[in-house]
Amino acid sequence: MKHGVSIRVGLSLILILSVIRSLLFGFLAVLGTVLPALAQDAAAPIGLPNVIDARITLGEDRARLVIDLAAKTEFSFVSLTEPDRLAIDVRAGTFSVPEPTGEPTDTTIISSYAVEQAAPDRVRTTLFLAGPAQVQQAYVLDPFEDQPARLVVDIIPADAATFAANVEKDRAASAAVETAAQSTPAGGSELPVATKPLVVIDPGHGGIDSGAEAANGIKEKDIVLAFSKKLQQLLIASGRFDVALTREDDTYLRLEERVELARANKADIFISIHADSFQQPEIRGASVYTRDENATDVLDKVLADNENKSDVIAGFAMPQMAPEVVDILLDLMRREMRVQSYVAAQAIVHQLEPSVALRRFPVRQADFFVLQAPDVPSVLIELGFLSNLDDITNLTQSDWQDRTSEAIARGISTYFDSVGPEQ
């Protein structure tokens with residue numbers, strides 16, 4: 001997990017200046033839509049990224065704003081009235097969005113949007129609301145392969161009272177910031193950084209790799225994707241976490257890509273979701289794995305070997321690492337991350353035990369490649385076996401899915417309670 005490093009010399013002064021800068025920028029963000037012309041004419045600060053694109057996608061009960069960035073940066077958002085809108089600011093010097101003003105999106109959440117250079121160091125995306133709404137979660141993803149850095153903001157409907165409360169809270173915050181700004185020297189503005197733990201959920205397989213398949217044609221890749229989305233929504237609804245999926249549709253990802261997504265985005269925990277099969281149909285029940293080069297038993301070794309062949313199925317060879325690199329990774333895993341992974345596995349199993357059928361000794365170890373990240377606690381959850389009729393029935397029933405996802409969500413929360421606020 002990530003830990004801060006304390007530097008005691010001059011700490012008080014640094015903290016004070018940092019708070020002042022954060023307060024000043026929050027004040028500017030809340031105050032509104034019209035900024036002094038002088039600020040508009042000032043040259044953009046050197047080193048700030050460009051906003052490449054901004055777009056809105058619609059789901060069944062939410063809207064998602066995705067802002068592509070030339071580099072990872074900070075962000076903030078605020079609720080505003082007259083008209084009702086959400087303003088999302090990113091620290092950026094320029095923007096090159098193809099269509100700065102969005103057409104109506106034909107949704108009950110957002111009617112239209114606009115992108116503007118709100119200040120020399122800030123680009124604002126304003127979402128004009130069709131009804132009361134609020135930000136459910138927001139997080140920045142690092143650039144990955146051919147994808148730029150991205151700010152992802154999920155917006156959900158809210159009742160009028162909730163929206164009004166958010167507006168009033170932001171208005172009160174602006175008043176406090178204004179008071180602080182008047183009594184302290186002016187400083188550079190800084191956007192607050194989101195501090196929620198990032199949970200990365202990895203629905204196994206996808207695309208040309210279907211994973212296990214039941215006799216009735218049910219595929220592992222479909223089961224685990226639907227379950228992962230359910231778990232994601234539960235964790236988001238708790239208000240404690242930012243949650244990202246390695247895949248949100250029927251897309252194939254190499255094992256190393258899944259690991260790198262978690263590492264590049266500094267995930268606080270990585271959870272891979274699977275539903276395997278075995279030649280003995282009586283084998284059933286859920287289990288939670290941490291990585292160990294020595295499998296708990298023969299079945300665990302078979303399951304790990306099968307999962308590790310995923311890249312071979314798609315025509316990719318498993319990367320060959322030099323022995324000294326392997327030794328370093330294993331050594332790191334044996335230390336803090338291995339301990340934390342085991343604590344997470346125990347917490348999840350403890351919540352599953354009362355209402356979900358588990359394998360004997362449900363906290364298990366196997367050499368799963370996808371759990372290899374040396375700097376991210378990682379567990380793999382086997383929901384059950386598609387080779388067992390009872391497990392197939394459970395995996396396809398919504399009440400079992402609800403009960404199991406709720407238990408796993410509680411386990412994740414329990415884990416973060418145990419490791420404390422600093423990640």
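Just after α5, Lys 266 takes a positive phi of about 55°. The model is a predicted one.

**Exercise 1.** Determine whether Glu 256 is buried, partly exposed or exposed, and state which element holds this residue.

*Solution.* Step 1: locate the residue; Glu 256 lies in helix α5, which covers residues 255-264. Step 2: recall that buried means under 20% relative accessible area and exposed over 50%. Step 3: apply these limits; Glu 256 counts as partly exposed because its relative accessibility is 31%.

**Exercise 2.** Explain why α5 is described as largely enclosed by the rest of the structure, and list its buried residues.

*Solution.* Step 1: count; 7 of the 10 residues of α5 are buried, so the helix is largely enclosed by the rest of the structure. Step 2: name them; the buried residues are Leu 255, Glu 257, Arg 258, Val 259, Leu 261, Ala 262 and Ala 264.

**Exercise 3.** Identify the residues on each side of strand β2 and the strands with which β2 pairs.

*Solution.* Step 1: side chains in a regular strand alternate between the two faces of the sheet. Step 2: in β2, Ala 63, Leu 65, Ile 67 and Leu 69 point one way, while Arg 64, Val 66 and Asp 68 point the other, and all are buried. Step 3: β2 pairs with strand β1 (residues 50-58) in the antiparallel sense over 7 bridges; Asp 68 of β2 is the bridge partner of Asp 53. Step 4: β2 also pairs with strand β10 (residues 149-157) in the antiparallel sense over 7 bridges, and Ala 63 stands opposite Ile 155 in β10.

Conventions. Residues numbered from 1 in each chain as written. Predicted model: local features only at pLDDT ≥ 70, side-chain atom pairs only at ≥ 80, totals over all residues. Heavy atoms only, no water. Helix = DSSP H or I, 4+ residues; strand = E, 2+ residues; numbered from the N terminus. Buried < 20%, exposed > 50% of the residue type's maximum accessible area, 1.4 Å probe, protein only. Pairing = 2+ DSSP bridges.
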